[in-house]
Amino acid sequence: MTPDVRDRDLPVAGPPEPLPGTPDAGTAGAPAVGEAVWARVTGLIERAEEVALACHVTPDGDALGSMLAVGAVLHGLGKRVAASFGDRIFAVPRLLRYLPHQDLLVPPGDFPEAPELLITFDSSTLERLGLLAANAERAREVVVVDHHPSNTGFGTVSLIDPGVAATAMLAEDLIYRLGGTLDRDIATCLYTGLVTDTGSFRHASTSPAAHLMAARLVATGLRTDEIARELWDRSPFGYLKVLAAALDRATLEDDLVWTFVSQVDRAAYGLPYDEVEGIIDVVRRTDEAEVAVILKEDDQGVWQVSTRSKGAVDVGAVCTALGGGGHHNAAGYTSPHGVEQTMADFRALLPRKA
Ligand SMILES: [Mn+2]
């Protein structure tokens, strides 16, 4: 098949040209990551024989996609690479099993005990590394690659830009600065981070830079349709039943809508925990609500709280105060309490309408 002539104008998979007059969202003025920081990071990587990579527990598309993309490039540069995340039960979430380069993954027990160089992805705190937090504390250098405004700066080098829509955007920059290039598999990893964190380019974080990055990634020939189906358009039948139960008990209180999904709900249909991730996206549709909350009981019987705001309320601040973290419009935390107490604590911190 002859390539469509229009495709010849697509950006090539390489470093982006500067864009006059189109600053990235939230990064007007000096870039959040200075050249000295980039030079320190590339210097550390160039000198290291082995690079350990970690992302946050129960990884999402941005965490795992960014880590695997950088891991593949480092492997291609001849580095020994070990990539992992610190969940007690080590398993790639079903939604992300299509990601290439999972051969780089090792269980936390096989991760370097005291890495010479550790790079973390999309993790806003040391605690978010789970079992690997101990390895990070023993590491000589810890480079933190992240875009959460709540990041605590727990590493020895902070490669943090709260103005970018996804950690994957920093990962792409890092790849070019290491002299790496994008092929379809690496681009698939980065694209997964970009589309999941921007909600398919619908969230307020979606910038010109995010769309331009997408153009570079799609130009490698990756399958946007297949990735979208894997991420958003397939579920086991039990999902319909669990979703129905969660929606049936949804409660609207002033401008707050909330519901929960228990272990019992999921057990009735053998539905894994990560299958209920997307229910928040149905709940947050509610016109009457400014804030949406879903409580999800994980396999250890602990309630994981996901929150969304339409913009007027900073749920990131509320969740950070409750021991979690996140962004202004999307954040979460782990609650040590049951449903009623968890909601009481959340309501108490929610700013009320004037
Ligand atoms: Mn992210």
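Me: In which sense do strand β8 and strand β9 pair, and over how many bridges?
Reply: Happy to start there, bearing in mind that this is a predicted model. Strand β8 covers residues 291-297 and strand β9 covers residues 303-309. Within this pairing, Val293 has Thr307 of β9 as its bridge partner. The two strands pair in the antiparallel sense, over 7 bridges.

Me: Which strands are at the edges of the open sheet?
Reply: Let's walk across the sheet. Its 6 strands run in the order β6-β7-β8-β9-β11-β10, with mixed pairing. An edge strand here pairs on one side only, and that picks out β6 (251-253) and β10 (325-326).

Me: Why do the buried residues of α12 line one face of the helix?
Reply: Good one! Helix α12 spans residues 339-349, and Thr342, Met343 and Phe346 are buried in it. An α-helix has 3.6 residues a turn, so residues three or four places apart point the same way. On the other side of α12, Glu340, Gln341, Ala344 and Ala348 are exposed. The buried residues line one face because, seen down the axis of α12, they fall within an arc of 95°.

Me: What covers the buried residues of α12?
Reply: Part of the cover comes from a helix, α11 (315-321).

Me: How many residues of domain 1 are in contact with domain 2?
Reply: The domain assignment gives domain 1 as 7-231 and domain 2 as 237-349. Their C-alpha centres lie 27 Å apart. On the domain 2 side, 8 residues take part in the contact, and on the domain 1 side the number is 10.

Definitions and conventions. Residues are numbered from 1 along each chain as its sequence is written. This is a predicted model: local features need pLDDT of at least 70, side-chain atom pairs count only at pLDDT 80 or more; totals for chains, interfaces and linings use all residues. Domain bounds come from an automatic or database domain assignment. Two residues are in contact if their C-beta atoms, placed from the backbone, lie within 7 Å. Two strands pair if DSSP finds at least two bridges between them. Helices (H or I, at least four residues) and strands (E, at least two) are DSSP runs, numbered from the N terminus. A residue is buried if 20 or more other C-beta atoms lie within 10 Å of its own, exposed if 12 or fewer, and partly exposed in between; C-beta atoms are placed from the backbone. The arc is that of the directions from the helix axis to the C-beta atoms.
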